[in-house]
Amino acid sequence: MKIAVVAANGKAGKLITNEAVKRDYDVTAIVRHKNQTEASQVLQKDLYDLTAQDLKNFDIVVDAFGVWDPADMGLHESSLMHLADCLSATNTQLFVVGGAGSLYVDAEHKKQLKDTPGFPKEAQPVAVGMGKALKRLKDRSDVQWIYVSPAASFEPDGAKTDDYTIASNEYVENDEGESKISYSDYASGFVDAMESGKYNQVQISIYQN
């Protein structure tokens, strides 16, 4: 399996890249600056400069791009649509590092986590920006996309427990009433999802048991 990770130097991107390398996949880190991952193959190029030609030989392209400045929220949508255009009408799967704000909290799928009273105000701009990008992605029947949301509490320095579940696009809490996942466990679950080959044009989530 040939995998390219866009924004591989980021926190999630680096862990996903290293996990895929650890499992002996053919991994290329796509980065703007010097490669900081364990991938031996590197394409140093800005996301917006990537072309269909650059990505044509990969089985999976991982989009790990993310921004947090409220002024840059439109980049979530424009960057995702650029990658989708590059992969349009191909068999290459686009796996997206998503957000938790778009997970549904009701069985009717009318209300998302970002719309609940307890959702952190500081996370609202990112949730809205990523939500708009996901909405656009859902309209793309020409792309083999998979959107991977973390649990509500996404912990950069959380322990790697290897005790997690890949679930649907609905908000889930564990037996302790928590919705959390460490970046390390998320990366492992992310690569599990890529390995499975059973997801397509769907949003999934990963949470710690």
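Predicted model: local features only at pLDDT ≥ 70, side-chain atom pairs only at ≥ 80, totals over all residues.
Residues are numbered from 1 along each chain as its sequence is written, and side-chain values use heavy atoms, with hydrogens and water left out.

Secondary structure elements are DSSP runs numbered from the N terminus, with helices (H or I) of at least four residues and strands (E) of at least two. Two strands are taken to pair if DSSP finds at least two bridges between them. On this basis, 8 strands form an open sheet of mixed pairing, in the order S3-S2-S1-S4-S5-S6-S10-S8. From one strand to the next the twist averages 20°, with axes fitted as lines to C-alpha atoms (for helices over the stretch in contact) and angles between N-to-C directions running from 0 to 180 degrees. Strands of a sheet pair through backbone hydrogen bonds, either parallel or antiparallel.

Several of the pairings are parallel. Strand S1 (residues 2–6) and strand S4 (residues 60–63) are joined in this sense over 4 bridges, and Val 6 stands opposite Asp 63 in S4. S5 and S6 are also parallel, over 5 bridges, with Val 96 opposite Tyr 147 in S6. The chain passes from S5 through H4 to S6 in a right-handed β-α-β crossover, meaning that, with the strands pointing away from the viewer, the path from the first strand over the helix to the second runs clockwise. S6 in turn runs parallel to S10, to which 5 bridges join it; here Tyr 147 stands opposite Gln 203 in S10.

Burial was assigned from relative accessible area (buried under 20%, exposed over 50%, partly exposed in between; 1.4 Å probe, protein chains only). Of the 7 residues of S6, 6 are buried, so this strand is largely enclosed by the rest of the structure. Helix H4 (residues 124–138) lies across strand S5 (93–97), strand S6 (144–150) and strand S10 (202–208), and runs at about 150° to S6.

A nonpolar core is defined as a set of buried Ala, Val, Leu, Ile, Met, Phe, Trp, Tyr and Cys residues joined through side-chain atoms within 4.5 Å. The largest such core has 32 residues, and Val 62, Phe 95 and Phe 190 have the most contacts inside it. Helix H5 (residues 183–196) supplies the largest share of this core, 7 residues. A second, separate core of 27 residues includes Ala 4, Val 6, Leu 50 and Val 61. With contact meaning heavy atoms within 4.5 Å, and with residues up to four places away in sequence not counted, the partners of Val 62 include Ile 3, Ile 16, Phe 95, Val 97, Phe 190 and Met 194.

Attention then turns to the loops. Asn 169 lies between S8 and strand S9 (180–182) and counts as buried, at 16% relative accessibility. Neighbours within four places in sequence aside, Asn 169 is in contact with Leu 103, Tyr 104, His 109 and Gln 203. Thr 116 is located in the loop between S5 and H4, where it touches Val 105 and Lys 111, residues up to four places away in sequence not being counted. The C-alpha atoms of Thr 116 and Gly 101, 15 residues apart along the chain, are separated by 9.4 Å. Gly 66, in the loop between S4 and H3, is partly exposed at 25% relative accessible area. Its C-alpha atom is separated by 8.3 Å from that of Ala 7, 59 residues apart along the chain.

Most residues other than glycine have a negative phi. Asp 24, although not a glycine, has a positive phi of about 70°; it is placed in the loop between helix H1 (11–22) and strand S2 (26–31) and counts as exposed at 69% relative accessibility. Ala 89 likewise is not a glycine but has a positive phi of about 60°. This residue lies in the loop between helix H3 (74–87) and S5 and is exposed, with a relative accessible area of 71%.
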